[in-house]
Amino acid sequence: MGKMIEIRWHGRGGQGAKTASLLLAEAAFDTGKYIQGFPEYGPERMGAPITAYNRISDDPITLHCNIYEPDYVVVVDESLLASVDVTAGLKKDGAVIVNSAKSPEEVRPLLKGFEGRVCTIDARVISEETLGRYFPNVPMLGALVKVSKIMDEDAFVTAMESSFRHKFASKPQVIDGNMAALRRSMQEVKGL
Amino acid sequence: MARKDKLSGNEAVAIAMKQIDPDVVAAFPITPSTEIPQYFSKFVADGEVHTEFVPVESEHSAMSACIGAEAAGARTMTATSANGLALMWEMLYIAASCRLPIALAAVNRALSGPINIHNDHSDTMGARDSGWIQIYCETNQEAYDTMIQAFPIAEHKDVRLPIMVCFDGFITSHSVENIELLEDEKVKEFVGEYRPEHYLLDKDNPVSVGPLDLPPYYFEHKRQQAQAMVNAKQVILETAKKFEELTGRKYGLFEEYRMEDAEVAVVIINSTAGTAKAVVDELREKGVKAGLVKIRVFRPFPFEELGKALAGLKAVAVMDKADSFSAAGGPLFAEVRSAMFDHARDTKAVNYIYGLGGRDVRTDDIMKVYEDLLEIAETGKVKSTVNYLGVRE
């Protein structure tokens, strides 16, 4: 049996963490993987902490529970570090990717002694410069694929472009911005 | 060519409904089933189906509209969850006793109270005596496949009963997973055209539907209704066989997973069966003879077949994602244990009530159940018959 990769997303309602997990699932599906993408629904309101999950595998996945020992954790909102134990159960040989203007060295002390790899990406600057607004999920997705190498980068970029063309069929003007955000995040993520 | 895709359970079921293209859909939104009528109403608006979509003001009205439409001779569907199903209650019994083959996507959610939107089986388990066929699904694929099999079962002349296709709220309904979809024309051919024998719009053969039925005939009608449920078992198996010929995907009354030489087994329903299968695999790697039985068809209950499947085991744990407050365990336990009386009387049976209101069920939880079973198998002693798994006490 091939290795199954498990990913946990931490964000706040309205930031698109759930959408990012679904986009990742779709992109991984397009590269021939078995996938799961699911959110943990809580009180659904803007700004409330939310969790979403991905499983990606070469073999069919039968598990239908949440993820407690992820290979990767993505923190879409830096302020969650103060209130949520984001690295709980995270494997030592895995990595946490935090949306922050800080360096990985500056973020590590906030991670309750996590010894594995810490990566940061300034999704706010990337999003605002490429999309003109703050949508952190696409840059975080790009950074995750770069850090985790869960799929071939070119195949991922191609799958995402096709997904954006489908999703934004009625507003094609945002496709280029999202693609630029994706490419920039893959170049600018720190802590590789 | 069948199409490989990635869809949530709700999307998959809505697509099955589109491919079936029923005459009438009447529905009222309730989490987590809301997306089904939402997606379907878009198919209606886009002209992709010929369906009359009736957006009603409550679930009681939804089921009433379904009954009216089905009695008129229209193939009819709906979807609901939890309190929506509860509000249909009165009409569920009427649909079944009028022998109207309506199909309902039941997206399992905890029945209030306390109010909760997450998954357990208290909604459909409560409707187990309403006279509806109930088929439970582990994955989005099973929900899609079962929805396509629903009408050939329900409309069969030996059955003519309404059918619920049940799958777990959020866990299955909102989780995106791989799926294989059939071509539209193959679904159309498999489901066939609905040709009711008696219906209200047949002006040449007028009938009454739902009149007062007093002691001279009421009992005979209930006896016929009971027989229809008995007949349904064979029709479900025949339909599954035809479906397997079409897709290669095999369905039965229940699924036996690694049961060949099993000494202990868990009996379970819906999505947690998948989590438990991963635990069975882990135990098997260690040489433990663990197996699993996943109940698919709960109504009609596979009494004989299940009893025989569990014969010879040392210990069985029946997993209930609902409590019936009987002070003697959950609804599945009562029926499985009863089925074991004829064929597996020497097998020890215990009950675990788990996952109420969406409490996540981890592999560790299931492992604990198998560890308990192995202890029972070794000692022959049951410490506690009815147990609650993963709860703070």
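This dialogue explains how to read several features of a predicted model.

Colleague: Which strands form the open sheet, and in what order?

Modeller: Strands of a sheet pair through backbone hydrogen bonds, either parallel or antiparallel. Here 8 strands form an open sheet with mixed pairing, in the order β6(A)-β5(A)-β4(A)-β1(A)-β3(A)-β2(A)-β8(B)-β1(B). Its edge strands are β6 of chain A and β1 (3-7) of chain B, each of which pairs on one side only. On average, neighbouring strands of this sheet are turned by 20° against each other, direction ignored.

Colleague: In which sense do strand β1 and strand β3 of chain A pair?

Modeller: They pair in the antiparallel sense over 8 bridges, with β1 covering residues 5-12 and β3 covering residues 49-57 of chain A. As an example, Arg8(A) has Tyr53(A) in β3(A) as its bridge partner.

Colleague: Which strands does helix α1 of chain A lie across?

Modeller: Helix α1 (residues 17-30) of chain A lies across β1, β2 (34-40) and β3 of chain A, together with β1 and β8 (176-181) of chain B. This helix runs at about 10° to β3(A). In chain B, helix α1 (residues 9-20) lies across β1 and β8 of chain B, at about 135° to β1(B).

Colleague: Which residues of α6(A) are buried, and what do they pack against?

Modeller: An α-helix has 3.6 residues a turn, so residues three or four places apart point the same way. In helix α6 (residues 173-188) of chain A, the buried residues include Ile175(A), Met179(A), Leu182(A) and Met186(A). The buried residues of α6(A) pack against β6 (117-121), α3 (123-131), α4 (137-148) and α5 (153-167) of chain A.

Colleague: How many aromatic pairs are there over all chains?

Modeller: A pair of aromatic rings is described by the distance of the centres and the angle of the planes. A search of the whole structure finds 8 aromatic pairs over all chains. One of them, Tyr136(B) with Phe298(B), is edge-to-face, at 6.2 Å centre to centre and 85° between the planes. This pair links distant parts of the chain, 162 residues apart: Tyr136(B) is in strand β6 (residues 133-137) and Phe298(B) in strand β12 (residues 297-299) of chain B. Both Tyr136(B) and Phe298(B) are buried.

Colleague: Why is the pair of Phe190(B) and Phe243(B) edge-to-face?

Modeller: The planes of Phe190(B) and Phe243(B) stand at 80°, with the ring centres 5.6 Å apart, so the pair is edge-to-face; the cut-off for that description is over 60 degrees. Phe190(B) is in helix α8 (residues 184-191) and Phe243(B) in helix α9 (residues 218-247) of chain B.

How values were computed: Residues are numbered from 1 along each chain as its sequence is written. Chains are lettered from A and ligands numbered from 1 in the order in which they are written. This is a predicted model: local features need pLDDT of at least 70, side-chain atom pairs count only at pLDDT 80 or more; totals for chains, interfaces and linings use all residues. Side-chain values use heavy atoms; hydrogens and water are left out. Buried means under 20% relative accessible area, exposed over 50%, partly exposed in between (1.4 Å probe, protein chains only). Helices (H or I, at least four residues) and strands (E, at least two) are DSSP runs, numbered from the N terminus. Contact means heavy atoms within 4.5 Å. Two strands pair if DSSP finds at least two bridges between them. Axes are lines fitted to C-alpha atoms, for helices over the stretch in contact, and angles run from 0 to 180 degrees between N-to-C directions. Rings of Phe, Tyr and Trp (its six-membered ring) pair if their centres lie within 6.5 Å; planes under 30 degrees apart count as stacked, over 60 as edge-to-face and the rest as tilted.
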